[in-house]
Number of protein chains: 2
Amino acid sequence: MKHPVNCFILIAMKHGNLNPPRKTGRPLSFDRATALHQAMLLFWKHGYEATSLSDLTKAMGITPPSVYTAFGDKKQLFLEAVAHYLSGPLTPAQIINDAPTARAAAENLLNAAVLGDTGDDTPPGCLLASSAQSCSAAAADVQAELASLRGTIETCLRDRISRAIETGEMPPHTDAEMLAGHVMAVIQGMSTLARDGANRDKLTRIAASAMRSWEE
Amino acid sequence: MKHPVNCFILIAMKHGNLNPPRKTGRPLSFDRATALHQAMLLFWKHGYEATSLSDLTKAMGITPPSVYTAFGDKKQLFLEAVAHYLSGPLTPAQIINDAPTARAAAENLLNAAVLGDTGDDTPPGCLLASSAQSCSAAAADVQAELASLRGTIETCLRDRISRAIETGEMPPHTDAEMLAGHVMAVIQGMSTLARDGANRDKLTRIAASAMRSWEE
DNA sequence: GTTATTTCGTAACGATCACTAGGAAATTCA
DNA sequence: TGAATTTCCTAGTGATCGTTACGAAATAAC
């Protein structure tokens with residue numbers, strides 16, 4: 001059985017200069033991975049535009065020129081932070097395609113979102129859902145990039161459901177787009193609820209409530 | 001039967017100086033209501049922080065000092081725009097409490113959200129859900145204000161469900177917090193989907209999918 | 001040791017941010 | 001008409017935005 005291409009790994013590779021092949025010159029005086037992680041946490045909490053370079057350099061422990069030599073500009077740093085966010089421990093595509101059934105795929109995706117929304121060492125909510133909800137015209141391309149990433153997850157889930165219909169796992173009258181869209185809506189809505197203070201237990205029950213749409 | 005207080009009308013009254021009782025002095029050279037409406041549309045599209053005063057004055061057709069004399073500062077203008085957004089044609093509390101059943105309340109609320117998310121003359125999505133998802137520390141109070149408004153709607157719906165349990169309209173084992181939270185999550189998630197390009201038909205089906213959680 | 005290459009911190013760049021003096025203009029009331 | 005009041009526009013305020021010259025410092029190759 002052929003697995004579809006994991007787009008998120010590709011994205012991580014596209015943006016990732018995690019170990020650039022340098023041969024000469026002064027070495028980096030900071031750990032690039034931990035600096036990126038700190039940047040991710042800040043973008044996660046305050047979003048793309050509201051996070052200033054002053055905030056970033058403070059959290060990353062480096063000066064603005066170091067940010068630009070190591071990561072490019074603010075936009076590239078953010079996109080790499082998003083790729084870092086999506087890169088582990090399990091990518092959405094892995095969660096969907098490793099599940100034994102389409103229903104389990106949706107359930108696992110929802111529960112993974114709950115865990116991500118309510119982590120102890122991370123800000124509440126989902127970076128992909130909240131960090132560029134609304135932004136200025138200057139950041140329209142960043143907004144579109146995140147929308148594309150969200151769309152990729154939804155497409156991946158919808159395709160998984162469509163395959164389940166073909167194999168007879170789900171009834172032929174199943175509306176794959178509707179079910180996938182509902183799961184995505186709940187995932188993104190739970191991010192807001194988490195930011196508004198909802199705890200893990202409440203979100204878990206909401207996810208279970210959403211799965212009741214899958215009962216025959 | 002006593003109806004709960006409609007908090008949204010109170011909010012609108014709190015912020016509303018729509019017709020301040022002036023007796024002397026030079027009159028306003030612009031229509032305050034339409035200027036507020038234009039500001040609301042801009043906040044709706046780009047959010048609170050990403051909408052600059054320069055953008056606002058351009059859209060409202062007035063100069064910065066006029067904004068400050070008529071509306072206070074940017075924060076007050078935004079909150080009044082939110083109150084304007086929530087004030088009509090039907091407030092969420094009206095939709096919930098006018099419905100014959102708790103199930104109809106949820107259904108009507110979801111469908112009203114779909115209509116609001118996909119209006120022809122308004123930006124896609126929901127202003128309440130998207131305009132301050134993530135913001136800087138300086139706007140934390142605005143963020144909290146919107147979270148409070150969202151929480152009021154959720155509480156209103158949950159109370160409606162609790163009443164339905166008491167009257168026997170819904171079974172006693174019903175989890176009111178879960179059902180209300182699920183509806184709120186879908187509403188806020190649909191806002192993101194609408195911003196990402198989902199049309200009215202797709203959102204309507206998603207809302208219908210969410211209501212399947214209410215089947216016995 | 002010399003050269004080439006890269007990163008370092010300091011200090012600034014122009015642009016834009018939300019916001020406001022200050023005085024002229026327009027209204028009401030006497 | 002004259003005084004009081006309020007809004008008008010012009011032109012700016014200081015602060016912060018993302019970004020970058022610039023020269024010193026640190027490494028590898030020779």
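Tutor: Copies of a chain are superposed by least squares on the C-alpha atoms of residues with pLDDT of at least 70 in both. Of the residues of chain A, A:Gly189 comes closest to the rotation axis, with its C-alpha at 2.1 Å. This is a predicted model, in which local features need pLDDT of at least 70 and side-chain atom pairs count only at pLDDT 80 or more, whereas totals for chains, interfaces and linings use all residues. Residues are numbered from 1 along each chain as its sequence is written, chains are lettered from A and ligands numbered from 1 in the order in which they are written, and side-chain values use heavy atoms, with hydrogens and water left out.

Student: What rotation and what shift superpose chain A on chain B?

Tutor: A rotation of 180° with 0.0 Å of shift along its axis does so, at an RMSD of 0.0 Å. That is the relation of a two-fold axis. The same surface also serves both copies, since 100% of the contact residues of chain A recur in chain B (contact means heavy atoms within 4.5 Å).

Student: Why is the pair A:Glu154 and B:Lys202 called a salt bridge?

Tutor: The term requires a side-chain nitrogen of Lys or Arg within 4 Å of a carboxyl oxygen of Asp or Glu. The closest N and O atoms of A:Glu154 and B:Lys202 are 2.6 Å apart, so the pair meets that limit. This pair crosses between chains, from helix α9 (residues 140-166) of chain A to helix α11 (residues 200-211) of chain B (helices are DSSP runs of H or I, at least four residues, numbered from the N terminus).

Student: How do you know whether A:Glu154 and B:Lys202 are buried or exposed?

Tutor: Buried means under 20% relative accessible area and exposed over 50%, with partly exposed in between (1.4 Å probe, protein chains only). A:Glu154 has 10% and B:Lys202 has 13%, so both count as buried.

Student: What links B:Asp175 and A:Arg205, and why does the pair join two chains?

Tutor: Their side chains meet in a salt bridge of 2.9 Å, N to O. B:Asp175 lies in the loop between α9 (140-166) and α10 (176-195) of chain B, and A:Arg205 in helix α11 (residues 200-211) of chain A, so the pair joins two chains. B:Asp175, at 23% relative accessibility, counts as partly exposed, as does A:Arg205 with 21%.
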